[in-house]
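Please look at the sequence and the structure first.

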Amino acid sequence: MFIKTKKVTREYTRSSKLEKSHIYTRTKTLVVLECDVCHNEFEREQGKMNPKRASSEYYHVCPNCNPKQFAQKRGVERRKLWNLSADSDIDITKI
Ligand SMILES: [Zn+2]
């Protein structure tokens with residue numbers, strides 16, 4: 001689940017050849033997500049993920065959980081739904 005985005009600023013020090021240190025900052029945007037398996041919050045760098053996936057329309061799995069296992073579980077749930085549809089009058093070819 002998508003929660004929010006946040007900006008973090010980091011300071012870096014670069015020393016030049018004249019032994020003067022030069023401080024510069026970099027801002028990056030982090031996407032705060034909730035794992036759809038264990039419901040822990042975790043962060044991803046926005047630049048490293050597909051912008052389309054920064055929404056709740058997609059499932060997000062944290063690094064501690066197994067996305068393949070999660071995908072399998074979703075597959076089973078979908079199958080249950082399909083079986084349900086088969087017993088009803090809903091035309092499943094239109095879903
Ligand atoms: Zn998780």
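## Terms and source

Strands are DSSP runs of E with at least two residues, numbered from the N terminus. Two strands pair if DSSP finds at least two bridges between them.

The model is predicted, so local features need pLDDT of at least 70 and side-chain atom pairs count only at pLDDT 80 or more, while totals for chains, interfaces and linings use all residues. Residue numbers start from 1 along each chain as its sequence is written.

## Strands E1 and E2

Strand E1 covers residues 2–15 and strand E2 covers residues 21–34; the two run antiparallel and are joined by 13 bridges. Within this pairing, Lys7 has Thr29 in E2 as its bridge partner, and Glu11 has Thr25 in E2.

The hairpin of E1 and E2 has 5 residues between the strands. In this hairpin, Glu19 takes a positive phi near 60°.

## Strands E2 and E3

E2 also pairs with strand E3, residues 41–45, in the antiparallel sense over 5 bridges. Leu33 stands opposite Phe42 in E3.

Between E2 and E3 the hairpin has 6 residues, and His39 takes a positive phi near 65° there.

## The sheet

The 3 strands form an open sheet in the order E1-E2-E3, with antiparallel pairing. E1 and E3 stand at the edges and each has a single partner strand, so one side of each is left without a neighbour in the sheet. From one strand to the next, the twist averages 35°; axes here are lines fitted to C-alpha atoms, and angles run from 0 to 180 degrees between N-to-C directions.

How values were computed:
Helices (H or I, at least four residues) and strands (E, at least two) are DSSP runs, numbered from the N terminus.
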